[in-house]
Amino acid sequence: MKLYKLFNKKVFNIEPGLERIKAALEEIGNPHQNYPSILISGTNGKGSTAAFLESILRHYSLKTGMFTSPHLVEENERWQTNRQNIPDDRLEEYIKQLKPVIEKHNLTYFEASTLLAFKYFSDEKIDIAVLEVGLGGRWDATNVVYPEVSVITNVSLDHTHLLGDTISKIASEKLGIARKDRPLVIGTEQLDLITQAIMKGIREIYHYPMGYTFKDKGNSIDYMFQDIVIKDVKPSLLGKRQFFNLSAAITAFILFARRNSIKIDIDLIKKAAENTYLPGRMQIISENPVIILDGAHNEEAIVETFREVSQLFPDKKIITIYSGMKDKEWKKILNLIRYKSAETIVTKIPVSRSITQEEIKDIEGVRFYPEIDKAIEKVRNTADKNSIILITGSLYLVGEVLKKFK
């Protein structure tokens, strides 16, 4: 049994407020208070940052819990200890145990997922939880914890119908995860974020490139933070944007380590960076022809993805397969893709929010294949040695592709 089956078609329901999750947690003994946590928010890069940070903590022999969303292939991916998915039998056990509490407090799917994570991590006696914020920050269910360190990777326009229609408003929502007496890491030099953090009275703010920084060395970085210099740190994840995510993760770890009297081991940090795994982010899933899979679900992410693909394969033309959600700025994203691609194919994700052929019928220069299998097959058959196939858009598309390539 999977948790989402309790919610039928209400999996995507979002209801702001922390009252429901707080009441549910209190009923089961507030398990989230039994271990320290680090909260990670941001428009882009929070999943990669969480993966890097979890890897560092685990390489230090700390037992980790990691809660992320959405899942790509199996729902079990959302709840991990030491990077291992929760087993099916344990997941079923927790669903049965928590179902009355979920129904009593009318929790949303994400709130129920968060409740399960906190209980599972407590039962597993983890040393530290890495929690990826689902949406925004202030009203996100993960925000019931009192984090050791908070991380905000960056802010751009996304989920504007829920978080606000300006960078300033979205920054305010994401800063809801910060605490005045705990360190805040900001992975960008965006003034809206930094200024609002100062105005909120947060005492320790470490933002790129003033609080910490790195030197780009091509495939690696030299990382610098106060008296700490780590040379030639090589992230295992492709793309230069990972330099920012890795640097934010290292900074968050150092701050956590200092709060808990943990000695900094440069070699362990480098090893952890080189052994971080995160599917669906600039992932090469085929060599002949080259197929890159990347979950770039908003305009800023799409621009970065095309920049990085062009840097990695400067002499190749890009053939793109895309799909996204109706409630996103998919028309703007699709126009960016058309401009950057030699050929553009749109497909459909098997969820109700997916864009369909009807939506794109008036857009010129785009082919539509409703089945993902057929879209990939068509492109593979026409691609030549001078082509790169990029599959991008919603993480739900990424998940469907990974299922087929598994």
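A salt bridge is a side-chain nitrogen of Lys or Arg within 4 Å of a carboxyl oxygen of Asp or Glu. The exercises below use a predicted model.

**Exercise 1. Salt bridges around Lys 217**

How many salt bridges does a search of the whole structure find? Which residues are linked with Lys 217 in a network of salt bridges?

*Solution.* 
- Step 1. Start with the total. The search of the whole structure gives 26 salt bridges.
- Step 2. Take Lys 217 and Asp 222. Their closest N and O atoms are 3.5 Å apart, and the two residues form a salt bridge. The cut-off is 4 Å, so the pair counts.
- Step 3. Take Lys 217 and Asp 232. They also form a salt bridge, with the closest N and O atoms 2.8 Å apart.
- Step 4. Write down the network. Lys 217, Asp 222, Lys 231 and Asp 232 are linked by salt bridges.

**Exercise 2. Buried or partly exposed?**

Are Lys 217, Asp 222 and Asp 232 buried or partly exposed?

*Solution.* 
- Step 1. Recall the cut-offs. Buried means under 20% relative accessible area, exposed means over 50%, and partly exposed lies in between.
- Step 2. Lys 217 has 39% relative accessibility, so Lys 217 is partly exposed.
- Step 3. Asp 222 has 7%, so Asp 222 is buried.
- Step 4. Asp 232 has a relative accessible area of 37%, so Asp 232 is partly exposed.

**Exercise 3. A bridge between two strands**

Which parts does the pair Glu 343 and Arg 367 tie together?

*Solution.* 
- Step 1. Check the contact. The side chains of Glu 343 and Arg 367 meet in a salt bridge, at 1.9 Å from N to O.
- Step 2. Locate the ends. Glu 343 lies in strand 15 (residues 343–347) and Arg 367 in strand 16 (residues 366–369), so the pair ties together parts that are 24 residues apart in sequence.
- Step 3. Glu 343 is partly exposed, at 24% relative accessible area. Arg 367 is partly exposed, at 34%.

**Exercise 4. Aromatic rings**

How many aromatic pairs does a search of the whole structure find? Is the pair of Tyr 120 and Phe 121 stacked, edge-to-face or tilted?

*Solution.* 
- Step 1. Count. The search of the whole structure finds 12 aromatic pairs.
- Step 2. Read the geometry of one pair. The rings of Tyr 120 and Phe 121 are 6.1 Å apart, centre to centre, with 40 degrees between the planes.
- Step 3. Classify. Planes under 30 degrees apart count as stacked, over 60 as edge-to-face and the rest as tilted. The pair of Tyr 120 and Phe 121 is therefore tilted.
- Step 4. Tyr 120 and Phe 121 are both buried.
- Step 5. Find a cluster. Ring pairs link Tyr 208, Tyr 212, Phe 214, Tyr 223, Phe 243 and Phe 244.
- Step 6. Look for a charge over a ring. Arg 179 lies over the face of Tyr 146, at 5.4 Å from the ring centre.

**Exercise 5. Backbone details**

Which residue does a cis peptide bond join to Pro 289? Is Met 282 buried or exposed?

*Solution.* 
- Step 1. A cis peptide bond joins Asn 288 and Pro 289, with omega about -5 degrees. Pro 289 sits in the loop between strand 12 (283–287) and strand 13 (290–294).
- Step 2. The peptide bond from Ser 69 to Pro 70 is cis, with omega near -10 degrees.
- Step 3. Met 282 is not a glycine, yet has a positive phi of about 45 degrees. Met 282 has 3% relative accessibility, so Met 282 is buried.
- Step 4. Asn 106 is not a glycine and has a positive phi of about 55 degrees. Asn 106 has 53% relative accessibility, so Asn 106 is exposed.

Methods. Residues are numbered from 1 along each chain as its sequence is written. This is a predicted model: local features need pLDDT of at least 70, side-chain atom pairs count only at pLDDT 80 or more; totals for chains, interfaces and linings use all residues. Side-chain values use heavy atoms; hydrogens and water are left out. Rings of Phe, Tyr and Trp (its six-membered ring) pair if their centres lie within 6.5 Å; planes under 30 degrees apart count as stacked, over 60 as edge-to-face and the rest as tilted. Buried means under 20% relative accessible area, exposed over 50%, partly exposed in between (1.4 Å probe, protein chains only). A charge sits over a ring if NZ of Lys or CZ of Arg is within 6 Å of the ring centre and within 35 degrees of the ring normal. Helices (H or I, at least four residues) and strands (E, at least two) are DSSP runs, numbered from the N terminus.
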